[in-house]
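Reader: Please walk me through the strands and a helix packing here. Keep it brisk.

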Amino acid sequence: MNASAAVRSTPGDTRQVALLHGLARTEQSMAVLAERLRSEGFSVCNVSYPSRDYPIVTLARDYVLPALRDCFPDPAKPIHFVTHSLGGIVARQLATIDATINFGRVVMLSPPNKGSEVVDVLGDWWLFGVINGPAGRQLGTSPESVPNSLGPAPFELGVITGSRTINLILSTLIEGRDDGKVSIESAKLAGMSDFMVMPVTHPFIMRDDAVGEQALHFLHHGEFARE
């Protein structure tokens, strides 16, 4: 387990935010967001977890949860979250396995909240399993998939998803508009407070300046900025 928390919480500080990267990525993929949040005065825990090695519940329970406790030891203080892709499902799983986490506001970037048709079609392929591991195979659209079994958002949630793709082959497997991995419709979750579609792609949404600005706005105000 490796958790990065370059800026720790301080007494009286409630501006704590955890970052959870996506499938087959590392904490480095969230580094731009981490720096931006630190510049805004947030204490940041940029969590690294072995997303390709274990099922989602194991990732949440045995890797992400200990990292959060190490970064933010005071259970009374709320923890905000910004997540990418699988990280959003891990956050939802966390809420089911530890009721002591004091969730603040959560921003999910391109989350497969209703699963992805890509997994439905390719999930049984040997190469898919090699690349994405057991957690990747749990992200289908069936009612029994992990995303569809976790229920409505149990926290204040804003979702941002993309409408552009750089993977036209995978996009042919997805119904409706998509970001190359997840359809716009599949990113939605019952109970969310706000939803926004932006002209970005799945692999790079967390590095986009405009997306980062919207994420910050939600953490501050509980809604996205609109003209």
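Reader: How many of the residues of β5 are buried?

Author: First, the ground rules. This is a predicted model, in which local features need pLDDT of at least 70, side-chain atom pairs count only at pLDDT 80 or more, and totals for chains, interfaces and linings use all residues. Residues are numbered from 1 along each chain as its sequence is written, and side-chain values use heavy atoms, with hydrogens and water left out. Buried means under 20% relative accessible area, exposed over 50%, partly exposed in between (1.4 Å probe, protein chains only). Strands (E, at least two residues) and helices (H or I, at least four) are DSSP runs, numbered from the N terminus. In β5, seven of its seven residues are buried.

Reader: Which strands pair with β5?

Author: Two strands pair if DSSP finds at least two bridges between them. Strand β4 (residues 79-84) runs parallel to β5 (residues 103-109), joined by five bridges. Ile79 stands opposite Phe103, and His84 opposite Leu109. Strand β6 (residues 156-162) also pairs with β5 in the parallel sense, over five bridges. There, Arg105 faces Glu156.

Reader: Which way do the residues of β4 point?

Author: Ile79, Phe81 and Thr83 point one way, while His80, Val82 and His84 point the other. All are buried. β4 also pairs with β2 (residues 16-20), parallel, over five bridges. Ala18 is the residue opposite Phe81.

Reader: What unit do β4, α3 and β5 make?

Author: A crossover is right-handed if, with the strands pointing away from the viewer, the path from the first strand over the helix to the second runs clockwise. β4, helix α3 (residues 86-97) and β5 make a right-handed β-α-β unit.

Reader: At what angle do α2 and α3 pack?

Author: Two packed helices are described by the angle between their axes and the distance between the axes. Axes are lines fitted to C-alpha atoms, for helices over the stretch in contact, and angles run from 0 to 180 degrees between N-to-C directions. Helix α2 (residues 56-71) packs on α3 at about 80°, with the axes 9 Å apart. That makes the two helices roughly perpendicular (65 to 115 degrees).

Reader: Which residues make the contact?

Author: Contact means heavy atoms within 4.5 Å. From α2 they include Ile56, Leu59 and Leu68. From α3 they include Leu86, Gln93 and Ile97. The contact residues divide into twelve nonpolar, one polar and one charged. Ala, Val, Leu, Ile, Met, Phe, Trp, Tyr, Cys and Pro count as nonpolar, Asp, Glu, Lys and Arg as charged, and the others, Gly among them, as polar.

Notes: Angles under 35 degrees count as roughly parallel, over 145 as roughly antiparallel, 65 to 115 as roughly perpendicular and the rest as oblique.
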